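Grab a pencil and work through these exercises. Try each task yourself before you read its solution.

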Amino acid sequence: MRSRDVADLGHLAGHGGGLQADTSDNATWRLVDQPGFLRHLSEMVASNPPVSSQSRFLDPDWRLDVRPPAGRRFQRVGFEGIDPDLANELRIALLVAMAHPSSKRLSVSSAGPLGRSLVMLGGWMTHAGARSISHLGEGFGELFMQALFEFVDLIQSGTFDSDAGDWDPRQQLEQRPQSWGRKGPSASLVEESAEGPIHLWDMRVQIRGLVDAGVHGAPFHEETAHKVARSWGEMGDAATRRLPPAVQLILEAGARRLMGTPATDVARLVRDFADRYRECADRDDAATAALDGFVFSTIAGEAGPWWTASHDYDRHSPFQRIVRLIHLIRDAAAVLVLLAVGMRPQEFLGLMGGSKARRLLRTDGGDAVGDRRQSVPRSVTEMLSKSGYTVLLVLNGHVFKRERRPRPVSWLMGGRQDGGADPVALEALCVIEALHEPLREFAVDGSGGMLIVDFVDARDPGYLTMSHCSSARFSHSLQRSIPLFAGFSGLPNRDAGFDYRRYKADGYSLIAIYQFRKTWAQANYKLEPALLPAISRQLQHKRPEDTKRTYVTNDPDYLRELDRAVSAHTGLLVREVFDGDLGVEGTMSDAIDEVLAMIGPVMSDASQSELWRTRVARVEAGPPLDRLRPLAGMANLATEIDDGPGASPFADAAPRDGPAVMRTFVAERRRWLSDLDAGQTDLGRPSRDRALIAARRLNECGFPIGGLAEGLAGVDGLEELRDAG
């Protein structure tokens, strides 16, 4: 990305661009950067200084100003119900995390969860009669977490009784106990709850210097909150699965359908609505006039208008209908951007608005080709690739997560060559720009420079006011919009290892907004694991190891999917070795079945064994044998000959009976399935046992057998075969 583009973004942000939404001198993110803000507790109590534009130090309820425009505008931390002296100590402890030079200097957004953990701890201490953090000794964090788990158990069992002395953290928890999950708290909530005790221990010296009190022992035997979460709760991120391919295809097709004629219609409607509002200054009258006589167009190849009166409910006013249409097109475009780029929702909502002329319509500097757009959103940069034959499109924005100040970053959207189409993400961004450009003049709170602005108090009559769109409102809007442009009722309940029932449910969509990011990451990693460093950079992670831990190794379903993909690819290579044809699909066992079925009628068992030996063992180091080795240990299974020029270098690493074992497995598995089809379960047991022994032998050789138990649900011996394969 050019330095000038970054400078432009920073200039825009400082002049109503939206990244500094609260211009008050008492905004929290300004105060914590001021020298001398953090002082001794006695001085803070005496002067009671402001800690935000809305709160002072001694207020029982803090509303801390958040800088990023895409999240909450403030973080609430409530100290009600906590002993007053203890509450003051916890106030200082929270400010240490944000303002002390030797601390992590958390952003206000990241400090909010820490504050809630501290006040939960304070509520527990007050309930137990402790009045100072100096009363906390070694292991206090584990006692605190046990109390939280006991509270959840009491709530879920219906035996909670505050009159009997049960501790109730709900005043500080700010979440329903059900959100901790039916099987216990998720890892993310456990980690958030553990941050307070760990912070008191990590910063005990700094806190003691400001409040003359401090904890006397480590809260946990674990080192970090993440390790605590792994030991106390379910892995939270594992609950967010990537979209199944069939769901993704339907979702993208439905969203792309709205990018043409429907997007043009709604953009035209929005411009007319904005013009009429300038004239009458009443949003309901403007909406009524704009919709009166408006004719929705027909998409090419379809029978009638893409939007009809049947889509609108009687309870929707004309203004609410326009809002609904804007959200529908915006959300469809957002799906395409998030799936194509992999950015976080708050990063998408934090993009800057406005348009600029295109720099590189053609790589040779010529005029525009076809109907390509003559302008692009301000947040997009075009640059030539190293070869000079491709125009790369880069999206410029900011990262807010775990950042004290928004950090300028870039994402690769795609590329195009002369005569080629623009990436779908660029088309979607242009649609969003066209929708919101007429509405930005009505924005408040410095949000007029944002790409996306949303309606404020949309049900209040009269005034039209726009402001930042929060991640929560955006997520809720997506859940309402997706069923309007993507239908999943035609999918089976289960197929290819995916459960589609949650996607087929009526009402709001159950697709989680973070599934788009995980879908992008896992799809690219499955395509080529060597892309991990590039995937990590695109996701704006600090290290590739963090990306792999978060998106690969903690997702057992995805790991099984990767294993199936390796087995299927190995099957393709086996078919190429035998027949020179890559047309077969499926697992390794499917490929072996097809090959043996093809050669069985014309070759004896001895000839088949010889084929295994000669067709593979005679190939010297190089394709295709080398390509098989790292995938499934194929070299070890295909070396039944004496050591010689063609022998595998891995010959001594594993048994040499691979071909015979494979033939035994395939033959006995066929006999067993044939007996099952004939209803001869007892007759098929010996074949099942021999197939089981062969499968275990192949597994010992490092050879993954996929599809071993397909179609055998409820069959005796199934679990044994699954374990073996």
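Contact here means heavy atoms within 4.5 Å. This is a predicted model, where local features need pLDDT of at least 70, side-chain atom pairs count only at pLDDT 80 or more, and totals for chains, interfaces and linings use all residues. Residues are numbered from 1 along each chain as its sequence is written, and side-chain values use heavy atoms, with hydrogens and water left out.

**Exercise 1.** Find out which residues H199 is in contact with, leaving aside its neighbours within four places in sequence.

*Solution.* Start with the helix: H199 is found in α8, residues 187-202 (helices are DSSP runs of H or I, at least four residues, numbered from the N terminus). Next, list the partners: A93, V96, A97, L114 and I207. Now take one of them, A93: it lies 106 residues from H199 along the chain, yet their C-alpha atoms are separated by 8.1 Å. Finally, H199 counts as buried because its relative accessibility is 10% (buried is under 20% relative accessible area, exposed over 50%, partly exposed in between, with a 1.4 Å probe and protein chains only).

**Exercise 2.** Decide how the rings of F294 and F296 are arranged.

*Solution.* First, the rule: rings of Phe, Tyr and Trp (its six-membered ring) pair if their centres lie within 6.5 Å; planes under 30 degrees apart are stacked, over 60 edge-to-face, the rest tilted. That gives 13 aromatic pairs. For F294 and F296, the centres are 5.0 Å apart and the planes at 70 degrees, so this pair is edge-to-face. F498 and Y500, at 6.4 Å and 45 degrees, are tilted instead.

Methods:
Helix = DSSP H or I, 4+ residues; strand = E, 2+ residues; numbered from the N terminus.
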